[in-house]
Amino acid sequence: MSLAVLRWLVADTLRQSLWSGVFWLMLGVTAAGVLACFAVPASEAHFLIGGVGANIIGLLLGLTFTAGVLPSFVDPNAALILLAKPVRRWQLLLGKFLGVMALFALHAALFVLATWLALGAATGRWPGAYFVALPILLM
C-alpha cells in the first residue's frame, strides 16, 4: 500500500470538510461552547469541569458533524477524481477514515482546550482531569 495514496486521501477529506463548511461549522460550535462556559454559574460548573460535559457534548458534536463525510465520497464529483487514481476500496475507506479522525482530533483538542480555559477563567478552578475527555472522545 502506498503511503502517498493514504496521505492524498486524508488531505482530500480535510479539503472536502473545508469546502463543505463542516470545518467552519465545527469551529463556530466550539466558539459557542466557549461562550456558554462563561455563562455557567460556578456552583453548577462541577458537571462540566469533571469532563462529563465535554465528553457528552463533544461526542454528540463529533458524530453529527462527521457523519456525512464518509458517504460523500460517492458524490459524482468526488468519484471522478477517485476514478482517475487506481485505489483499492479498503485503501479508500482507510484514507477517508483517517481523514475524518484527523479532522475530529483537531476539533476535539480545540474544543477541550478552549472550554477548559473558559471554565477555568469563569470559575477559577483549573483541574487537569478535564483533559481526560480528549482520549475518551478519540476512542
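A search of the whole structure finds three aromatic pairs, where rings of Phe, Tyr and Trp (its six-membered ring) pair if their centres lie within 6.5 Å, and planes under 30 degrees apart count as stacked, over 60 as edge-to-face and the rest as tilted. The model is predicted: local features need pLDDT of at least 70, side-chain atom pairs count only at pLDDT 80 or more, and totals for chains, interfaces and linings use all residues. Residues are numbered from 1 along each chain as its sequence is written, and side-chain values use heavy atoms, with hydrogens and water left out.

**First stop: Phe-23 and Trp-24**

Select Phe-23 and Trp-24: the ring centres are 4.9 Å apart and the planes stand at 85°, so this pair is edge-to-face. Phe-23 has a relative accessible area of 16% and is buried (buried means under 20% relative accessible area, exposed over 50%, partly exposed in between, with a 1.4 Å probe and protein chains only).

**Second stop: Trp-116 and Trp-126**

Next, select Trp-116 and Trp-126, whose rings have centres 5.2 Å apart and planes at 75°, so they too are edge-to-face. This pair links distant parts of the chain, ten residues apart: Trp-116 lies in helix 6, and Trp-126 in the loop between helix 6 and helix 7 (133–138). Helices here are DSSP runs (H or I, at least four residues), numbered from the N terminus. Trp-116 counts as buried at 17% relative accessibility, whereas Trp-126, at 45%, is partly exposed.

Now select residues 3–20 (helix 1) and 89–123 (helix 6), which pack at an angle of about 50° with their axes 8 Å apart. The axes are lines fitted to C-alpha atoms over the stretch in contact, and angles run from 0 to 180 degrees between N-to-C directions. Helix 1 is therefore oblique to helix 6; angles under 35 degrees count as roughly parallel, over 145 as roughly antiparallel, 65 to 115 as roughly perpendicular and the rest as oblique.

Which residues of helix 1 and helix 6 make the contact? Among them are Leu-6, Leu-9 and Val-10 of helix 1 and Leu-92, Gly-95 and Leu-98 of helix 6, contact meaning heavy atoms within 4.5 Å.

**Last stop: Leu-59 and Leu-137**

Finally, select Leu-59, found in helix 4 (residues 52–66). Leu-59 is partly exposed, with a relative accessible area of 42%. Its C-alpha atom is separated by 6.1 Å from that of Leu-137, 78 residues apart along the chain.

Conventions:
Helix = DSSP H or I, 4+ residues; strand = E, 2+ residues; numbered from the N terminus.
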